[in-house]
Structure formats: structure tokens, C-alpha cells
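Student: Could you take me closely through the contact between the two chains, and then follow it into the parts of each chain that lie behind it? I would like the cut-offs spelled out as you go.

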Amino acid sequence: MKPRAFSYFRADTIDQALNAHARAGDDARFIAGGQSLVPALSLRLQAPRLLIDIAHIADLRGIRREGDTLRIGALTRHCEMLSEPLIAEFAPLLRAAAPFVAHPAIRNRGTFGGSVALADPASEFPAMTLALGAEIEIAGPSGSRRVKADDFFIDLFETALQPGELITAVHVPLFRSGQRFAFDELARRRGDYALVGCGILASHTGDRIDDIRIAFFSVGNTPTRVKGAEAALTGFTFDAARIAAAQAALEDDLAPPESDEVPPAMRLHLARVLLGRLLGRLGEGA
Amino acid sequence: MSAPLTSLDRPNSYIGRSVPRPNAKRLLAGRGRYVSDLRLPRMLHAAFLRSPHAHAKIISIDIEQARALEGVHLVATGADLAKICTPWTGTLDHFKGMTSAPQLPLPLDRVVWAGQAVVAVVAETRAIAEDALELIEVEYEDLLVVVDIDCAREVGTPLVNPGSANNVCFRSQLDSGGVDDVFASAAHVVEEEFSFGRHTAVTLEPRAIVADYDPGSEMLTVHHGTQTPYQFQDLYSRHYGIPEARVRVIATDIGGSFGMKLHVYHEDMAVVGLSILLGRPVKYVADRIESFVSDIHARDHRVRARIALDAKGEILAMDVHDLTAIGAFSTYPRTSVVEGNQVIRLIGAPYRFKNYRAALEVIFQNKVQTSQYRAVGHPIACAVTERLVDMAAAKVGLDPFAIRERNVIADDAYPQTSPTGYRFEALSHQECLRRLHAMMDYDALRAEQADLRKRGVYRGIGIATFVEITNPSPAFYGVGGARISSQDGAIVSLTPTGEVRCLISVTEQGQGTEAIISQIVADQLGLAQEHVKVITGDTEVTPHGGATWACRGAGIGGETALQATRVLKRNILEIAALILQEQPAALDIIDGEVVDAATRQQRLPISEIARIAYFRSDTLPPGTQAQLTVSHHFAPQGYPFAFTNGIQGCSLEVDVETGFIKLLKHFVVEDCGRIINPMLVDEQLRGGVVQGLGAALFEECRYSDTGQLINGSLADYLVPMAMEMPDIVIAHVETPTADTALGAKGCGEAGTAAASACVLNAVNDALTPFGATISTIPITPAKILKALKRF
């Protein structure tokens with residue numbers, strides 16, 4: 001379990017990092033918290049010739065308000081999601097998801113941007129960018145761009161990121177009055193990848209649901225918004241009939257993968273149960 | 001008013017006292033000396049190329065590129081090591097008719113499980129060795145893979161070992177007679193088929209070894225993370241043809257073992273050979289994935305069993321068939337059939353019935369070997385017995401406690417012989433049942449359960465009685481021809497300053513062996529415990545003995561220390577009597593002082609006796625030769641095993657929508673005879689229970705149809721962790737064995753023995769309103785939801 005030899009470059013600026021990657025070509029990887037990449041290197045599943053350490057780039061750090069959004073720097077550690085007051089106030093769904101992300105040692109090093117960039121379909125944060133309607137800010141050889149979370153996750157570990165690009169920040173619309181959120185997951189042990197997990201952000205007028213975004217993880221190749229279920233609820237209230245309709249809609253919204261441990265029908269069942277429980281909580285004003 | 005004085009109020013009374021482990025501070029301070037951390041001068045590192053196939057012919061191995069890589073010192077194949085290492089066979093004579101193919105460090109022409117080591121590389125660093133592995137080309141020709149146990153038993157199925165008639169390793173039968181007649185006429189018969197997942201030990205520190213062959217002195221020193229240094233001294237000596245006195249095995253601190261680290265592993269044997277070939281120290285530490293595919297696995301049994309009862313719920317007979325698959329070889333030197341053997345002999349053990357029949361079938365397949373792991377066979381025997389008893393209780397209309405009270409062997413009915421031939425000296429099932437009932441507040445728990453059920457909350461309560469095998473005599477391995485000692489040795493010395501040093505053959509794995517030995521020595525001699533130093537785990541220093549396995553450290557090792565110390569005390573008092581012109585019998589030792597036995601008046605510090613004996617022997621009467629070092633050996637006699645017993649209970653909640661189980665509380669009442677250190681016994685029980693709960697809910701080595709282990713990482717193989725574990729409440733009954741002066745029996749496996757059975761019973765109890773049942777472990781959400789027909 002020793003990685004193949006690699007070169008290491010510590011970038012101080014985004015430009016340095018991008019240039020280093022451009023020079024090295026496909027054989028380079030950016031490394032931030034390293035919580036997924038380092039095991040992959042040790043297992044020799046990946047063996048890049050160059051690691052570009054972006055963990056010391058000041059422009060990737062920090063959380064701040066920018067107009068109607070919260071700009072969360074890509075290097076924000078998972079543990080900061082638990083401790084930062086701006087997160088608690090303006091992105092409480094991320095605060096709610098954070099305790100479920102792995103274990104404290106991993107949360108101390110793993111980064112938000114790294115998690116979104118890896119796009120593990122079983123991870124909490126990539127799915128939450130969908131629920132939040134976030135935008136991903138990307139820097140690359142041809143400049144900066146923003147991609148909606150809805151357009152970011154393409155397939156298994158495949159995103160809108162092009163080779164040589166890196167995520168610089170994630171922009172999240174500020175949480176406001178009239179919104180409700182809920183998060184939970186079903187994991188066999190605390191800190192494990194969930195069998196199924198879900199985060200919801202709903203906007204209300206009184207009890208009427210004006211808009212609702214429901215994102216699941218651990219249900220397929222990518223984090224998944226369930227638009228059928230959302231449609232079943234939009235314009236209604238969280239009554240038992242609408243919750244049942246939303247649960248029923250998951251059958252079309254989700255196509256869980258074959259798995260010897262969690263058969264597709266079981267995962268769909270668990271997704272329905274979880275959705276029912278979360279919507280029940282939202283109905284109670286959660 | 002203060003409590004009445006007890007024996008614990010005597011000075012230096014350490015037996016029965018919770019004192020901290022003297023070595024705990026060192027380990028907590030990060031000062032442990034683990035083989036994984038060891039660096040010797042000129043040390044090289046080994047890595048192994050492993051088979052990607054579960055069964056294949058090796059057509060060719062090309063090592064030229066690997067050998068040419070800078071930093072590589074040796075690339076060795078099976079043929080290279082076969083020149084210096086004799087093969088081994090994992091059979092024992094007392095398992096009549098068992099077979100297993102001879103094994104070598106690395107295979108010559110065929111691989112038999114996915115993950116088997118095929119080629120070894122030794123290099124300057126582990127990283128270079130792994131680079132070299134990528135340069136080795138092995139051409140394989142696939143052979144038909146035998147994975148499934150039913151497939152392995154079919155006539156005409158591919159053979160794991162060519163040349164054998166079938167895939168059977170061993171068959172055994174027990175029959176007390178009359179079983180069919182009893183079943184034919186019984187008022188109630190209950191039957192079930194159970195299955196138990198394969199799982200493995202997952203030690204915090206993986207297997208680690210540094211072999212250091214010095215061609216100058218023709219001496220082999222092996223630093224080995226093992227429980228049994230003497231056994232390995234013998235094995236390395238015999239298989240590499242090095243005289244035993246020139247083989248030294250040092251077992252220092254070890255990061256967990258649980259029975260997994262007393263078997264011969266191919267890589268470990270290979271590393272010894274690599275060091276001999278190179279004349280340099282060679283280190284190998286298994287990484288986590290290597291551990292999953294090469295450490296022994298355990299369990300993997302399928303048991304069909306039935307129980308017959310009379311109309312009042314008295315158990316009359318049991319009939320059992322145990323089928324187990326053990327991988328491609330039987331493990332050396334303890335075999336892979338002991339677990340099955342113990343399953344069929346322990347089933348029904350707490351109960352009074354007479355008619356018993358059991359058949360055991362042990363089958364080869366293309367997976368890694370199984371063998372002894374904490375609580376060998378016990379959890380299976382316990383789960384089968386206790387679930388059947390619960391099913392019978394439901395059928396007869398008795399409460400789980402009531403049916404057990406009716407059927408356990410009465411506390412005043414000992415000695416007893418079980419229908420399987422086990423001889424019980426004295427057990428305490430009735431007392432344990434009473435204590436558990438009170439401790440659980442059973443009636444209140446049942447009332448709460450009924451109340452919550454009305455509100456859609458499904459709680460389950462489960463109990464499980466057990467019998468545990470401890471303090472094994474030579475009946476365990478010795479009679480089968482294994483050079484595995486059931487005796488232990490101790491050397492106890494009074495040092496010149498009046499302290500005591502004890503070298504003992506039992507070893508320390510973190511359970512507190514050294515602590516209890518120092519307690520026993522201090523107690524028996526009359527000395528403060530901090531003045532006793534215990535040294536373990538070095539064949540050059542400590543006397544030959546069985547070391548630590550099968551719950552023998554306290555019962556056998558402890559008795560060895562006790563008897564050795566009594567001899568030393570007698571010798572000290574003889575010298576004291578000469579100096580003081582007293583009779584030895586009139587003297588005693590308290591707190592390091594020789595005292596008048598009757599008045600406890602201090603006469604002379606033992607340090608003064610040591611000073612005179614070591615430095616001024618001229619002042620002693622002519623002819624006096626002070627013997628202040630005593631060596632003593634003790635082998636268990638009397639009963640072949642010291643059986644212990646106990647009962648566990650658990651309370652849990654099943655989420656019937658998700659299939660998730662929440663463990664609420666676990667209870668243990670346990671009787672391990674004389675308790676030396678209650679805190680350590682409780683820790684052993686809690687650790688054991690947690691391992692049993694892991695088996696019940698989480699742990700399983702899952703294989704694909706092609707024999708690939710598909711969950712060989714700690715992200716996929718779930719071990720029990722703190723967040724999911726309940727509080728574990730413990731109480732004790734003490735029935736000392738009369739076979740020893742100490743009276744201690746083992747306690748290391750009791751927790752594991754019954755924890756999974758308890759959970760199985762509790763889950764089934766919770767599912768009663770739905771008419772759903774579970775008969776396999778681990779009990780996963782998928783199994784519960786399937787049973788409830790939720791998907």
C-alpha cells in the first residue's frame with residue numbers, strides 16, 4: 001500500500017496551479033484534503049506523475065456573502081461546515097449534512113470543493129449543492145466560469161470539470177425566511193456511506209409549497225434531484241396524500257443500481273421511507 | 001458504619017482486586033514496541049504478488065524485469081523457497097480421517113484462492129518492492145472455481161485438490177442413540193436451518209513480522225506479532241532445519257490478535273526463508289487489503305437442527321447437522337476443523353437432556369482458510385441452541401426464562417457429563433438466570449415492550465445461556481500430535497534489592513496478562529504489586545509454554561505463577577528462618593517484610609534476605625544454598641477443560657420500515673471461577689460482546705461467484721463501532737475450579753460466545769407481531785426488510 005513515486009508541487013496561487021497542470025498534462029492531479037485521492041494513490045488505483053497541492057492557495061479559502069449568495073471557498077473543510085456561523089445562518093442545510101460526512105479525522109482535512117469535484121454519488125455535499133440550487137465556480141486554462149449544480153454532475157465520477165480545471169468556490173443562495181430544510185440519511189453505522197440519503201430545501205407561502213428541491217445521494221451514478229416528487233408537492237401542502245404522491249413518484253425519478261447488498265427494490269423502498277419522514281418533518285415546520 | 005472486612009482487606013491482597021494494568025500507561029503514551037514499528041540495521045522489506053484468480057494453474061512466472069529494478073535484492077518464487085522450507089500439512093491425528101494438501105510458503109504450480117501470495121520481492125523499501133511487483137508477469141490458466149458450499153459437495157464437481165476423491169476435508173458424527181425414537185414420540189418438535197456468515201478478526205495492527213537470520217552465528221531471530229512465540233520457534237526450527245536453540249521468537253507488543261495470530265501464514269513462513277536466503281533482516285507488514293484476503297476467516301457454517309420436547313416443555317433430544325466450508329487448505333498447525341468440532345459438541349450444552357445426535361461435514365472451497373478465532377464455534381452452537389429453545393418456548397407456551405429454568409442443569413447436580421462427552425465440574429446456570437432476570441428488570445422490560453408495540457414501536461428482548469471451554473489440557477491439541485503446549489512455565493526470582501521478577505510463558509495482547517500475573521505473584525509472596533516485574537514473549541528468556549489462546553492465560557498461566565511464587569516464598573522463609581533462628585512455619589511475608597506469622601510483628605525486610613543471600617552467603621550456616629530463583633511448570637490435570645458458563649440478555653429496537661436495528665442495552669452474567677481482576681474481566685467481556693455484536697449485525701466476508709472477496713476494505717467490511725454499541729452491564733457468579741489452587745477459569749471468549757445469539761433472539765422477538773423470522777447472521781437491514789416483505 002505504497003503509492004508509486006510522484007513529483008510534488010505546492011502552488012501558492014490559482015494561476016500557478018493551473019499552469020503547473022497545463023505543463024504536466026493528463027499526468028497531474030490537484031490535491032487539497034487528499035481524503036479520497038491519497039487512498040487511491042496508496043492502492044495504486046491512480047498513479048499521477050505530479051501532485052499539485054492547492055491547499056495553500058489563499059483565494060480558495062474563506063466563506064463570505066456576495067449579494068444574494070454565500071460564496072464558500074473550495075478549501076472550506078468539512079469541519080468548518082459545522083463551526084462557521086455564516087454556514088449555520090445562510091446555508092443551514094450544509095450545516096445539517098456535515099455531521100454525517102465520514103468521521104472527525106476526515107472532516108478535519110477533507111474539503112468541500114474536493115468533495116464536489118470528486119462527485120462521489122454516495123457523498124452528502126455534492127447532492128446538497130443540487131438541493132440548494134448552488135453554482136460551481138471553476139477556474140481553468142481558458143478563464144473562469146460558473147456551472148449550475150444541476151448541470152455539473154454528468155455520470156459516475158464525471159462532472160462538467162474539464163481536464164486542468166479546478167473548483168474555486170461554490171455559490172449558494174442565501175437561506176431566507178419562508179424556507180424550510182431537512183436532511184437525513186440511512187447508514188448502517190454513523191459515518192458510513194449511506195444506503196440512501198436526502199436533503200430538501202422548500203420555499204413556502206404559509207403552508208403552501210412554492211418551490212421544493214429534493215436531492216438524493218447513494219441512489220445511482222450521480223447525486224440525483226427527484227423532479228417527479230418535487231412536482232407532486234409544488235403548489236400543495238405537506239399533507240399525507242401529497243407525501244404519498246411524492247413517495248410514489250420516486251419510482252420514476254430513481255433507477256437504483258444493481259447491488260448484492262442493497263437490491264434496487266430495497267433502495268427504492270428506503271428512499272420512499274426516508275422521503276416520507278423528511279417531508280413529515282417539513283410539514284411540522286422543521 | 002464501615003463495611004465488614006473481607007479477604008481484600010489483607011495487605012497485598014491483589015486477587016479479586018481491580019488494579020490498573022502496569023503497561024497501560026506505556027501504551028497510552030505511545031511507547032509501545034510493535035513489530036510494525038521495528039527498524040533493524042540493514043533491514044529490507046518484502047511485498048507479495050498475489051493471485052487475481054481463485055483457482056488457476058501457474059503457467060509461467062517472469063521475474064526478470066522486477067529483479068533488474070534498482071533497489072530490489074531478491075525476487076523469490078515458490079520453487080526458490082521450497083528448496084529450503086519443508087511443507088506442512090494442517091491435519092491432526094485425533095480428527096480421524098481428515099485430509100488436507102501439503103502447503104509451502106509460495107505455490108509451485110497452482111493457486112487456490114484469490115489473494116494467495118505467489119511471488120515475493122525483497123527491496124530497500126516497501127515502495128520499491130511494490131514497484132517491482134508491477135513488473136512481474138505471471139501467466140495463469142483458469143481452473144474451475146469452487147466457491148459455493150453446495151456446489152463443492154456435488155458429485156462430479158471440480159476438485160479444490162486434484163487427486164482427491166471429493167472436496168471433503170473431514171466428517172464426524174456423535175450419537176448417544178435413541179434420537180429417532182424420541183423425536184417420533186415427542187410432544188413438540190421444532191426445526192430450523194441457520195447460517196452464519198464468514199467473518200474475520202480485523203486487528204488494529206495487521207500481521208507483522210521481521211525475520212533476521214544471521215549466517216555468522218547461524219541464528220534466526222524472528223520479531224513476530226503473535227500470541228504463541230514457542231509454537232513458532234518450534235515451527236521455524238523444524239521447517240527450516242535450524243536447531244531449536246538457534247531460533248528465537250520475540251513477541252513484543254501486539255495490536256490485537258483474537259486467535260488470528262497463532263496460525264501459520266504463508267507470507268510469514270516466506271519472510272523467514274527470504275531472510276535466510278539474504279542473510280539480512282526482512283520485514284513484512286500486511287496492509288489492510290492483504291489482511292482481508294490472507295488472515296484466517298472464521299464461522300461460515302450452515303446448521304440444520306431440531307429439538308424435541310415433552311408436553312411440559314422439557315427438552316428431550318437434539319439432532320444437528322453442521323456444514324462448514326474452510327477454504328482450500330486446513331490451517332496449520334491447529335487445523336480448520338476445530339470450530340465445527342466445537343459446534344457439534346457445544347450445542348445443547350447448558351441443558352439436561354440425554355439424547356443427542358450430530359453430524360459435521362467440513363468442505364474445501366477456493367477461498368482463504370478459516371480457523372480458530374475468538375470463541376471458536378461457541379457463537380454458532382449458542383445461537384442454534386438458544387434460538388431453538390426460544391422457538392420451542394413459543395410453541396409450548398413458556399416464557400424464555402421459564403423454559404430455561406426448566407431445562408438447565410441444576411446448580412447442585414454437578415459433576416455432569418454432556419451427551420456430547422464434555423465433563424462439567426461445576427456450573428451455575430440457575431444462579432445466572434436468576435441474576436439476569438433481576439438485572440434486566442425483565443418484567444418491566446416486557447411491560448414496556450407491550451406498551452410500545454401499541455404505538456408501533458417494535459422492541460425485542462433476547463436471552464442466551466452459554467457454556468465456554470477454557471483451560472484446555474493436552475486433550476485439545478497435544479493428543480492429535482500437535483507440538484502445542486498446554487502447560488506453562490514461570491521463573492520467579494527475588495532480586496538483590498528484594499524485588500521480584502517473573503518470566504512467564506503466557507503472553508500479553510492487551511488483555512492484561514502481565515497485570516494479573518503481577519497481582520498473583522505479589523499476592524502470594526506478600527509484596528506490593530509495583531515491586532513485581534513480569535516479562536513475557538521472548539523464547540530466549542521466558543520458559544516454554546502454551547502462551548495465550550483458548551482462554552488459558554489466567555487459569556493455567558496464573559496457576560503456574562501462583563505455584564512458582566509459593567515455592568519462592570518457601571525458599572525465602574527458609575533463609576529467613578536460618579537468619580532469625582525461627583521455624584519457617586512461624587514466619588510470613590507481608591509488604592516485603594518477613595513477619596512473625598502469629599503476631600505480624602516485623603522481623604526482617606526481604607531485601608535484607610536478598611542482600612545476605614547474594615552478597616554475604618558467608619554469614620549463612622555452612623551448607624546453605626539460597627534458592628531465590630525458582631522455575632516451575634504447571635500442566636492442567638483433572639478435568640480436560642475448565643468449563644465456564646453464563647447468560648446474556650439484550651434489548652433492541654427494530655425499525656420495521658428501514659430494517660435498521662438499534663441496540664439499546666446488553667446484559668451479561670458470567671461465571672469464570674475465581675476473578676483475579678474484576679475490571680479486566682469486565683473489559684474482556686465487553687470487548688467480547690462487541691465482537692459478537694459485530695458478527696450479529698455487521699461483519700461478513702462477501703464473495704463473488706468467481707471467488708473474489710468483494711468487501712475487503714474497512715469502508716465495505718463493517719466492524720462494530722462505538723456509536724452503534726449499547727451500554728453493557730455485567731455481573732458475576734464465582735464458581736472456582738477445584739482443579740487448581742487459584743480456581744480461575746477463562747473469560748476472554750464468553751462475551752463473544754452468546755452476544756450474537758442474544759441479538760438473534762431479540763430480533764425475532766421484535767418481529768413476532770409480523771410472523772416474520774430470521775435465522776441467519778449477520779442480520780442486515782436487507783434481511784429484515786425481506787422477512788417483513790417490504791420490498
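Tutor: The contact takes 15 residues from chain A and 19 residues from chain B, where two residues are in contact if their C-beta atoms, placed from the backbone, lie within 7 Å. This is a predicted model, in which local features need pLDDT of at least 70 and side-chain atom pairs count only at pLDDT 80 or more, whereas totals for chains, interfaces and linings use all residues. Residues are numbered from 1 along each chain as its sequence is written, and chains are lettered from A and ligands numbered from 1 in the order in which they are written.

On the side of chain B that touches chain A, α4 (126–133) and α20 (781–787) of chain B each supply at least two residues; helices (H or I, at least four residues) and strands (E, at least two) are DSSP runs, numbered from the N terminus. Of the elements on that side, α4(B) gives the most, with four residues. By residue class, the side of chain B that touches chain A divides into ten nonpolar, eight charged and one polar, with Ala, Val, Leu, Ile, Met, Phe, Trp, Tyr, Cys and Pro counted as nonpolar, Asp, Glu, Lys and Arg as charged, and the others, Gly among them, as polar.

Leaving aside neighbours within four places in sequence, Ala120(B) is in contact with Ala46(B), Phe48(B), Ala76(B), Leu106(B), Ala270(B) and Leu274(B).

Strand β12 (residues 196–205) of chain A is mostly covered, seven of its ten residues being buried. Strand β11 (residues 179–186) of chain A pairs with β12(A) in the antiparallel sense over eight bridges, two strands being paired if DSSP finds at least two bridges between them. Nine bridges join β12(A) to strand β13 (residues 208–217) of chain A, again antiparallel, and here Ile200(A) stands opposite Ile214(A) in β13(A). The hairpin of β12(A) and β13(A) has two residues between the strands, and in it Gly206(A) takes a positive phi near 60°.

For chain A overall, the secondary structure comes to twelve helices and 14 strands, and 48% of its 286 residues count as buried. The C-alpha trace spans about 60 × 45 × 35 Å along its principal axes.

Chain B also holds an open sheet of three strands in the order β4-β2-β6, with antiparallel pairing. Its edge strands are β4 (110–111) and β6 (137–142) of chain B, each pairing on one side only. Strand β2 (residues 56–62) of chain B pairs with β4(B) over two bridges, and Ala56(B) stands opposite Val111(B) in β4(B).

How values were computed
A residue is buried if 20 or more other C-beta atoms lie within 10 Å of its own, exposed if 12 or fewer, and partly exposed in between; C-beta atoms are placed from the backbone.
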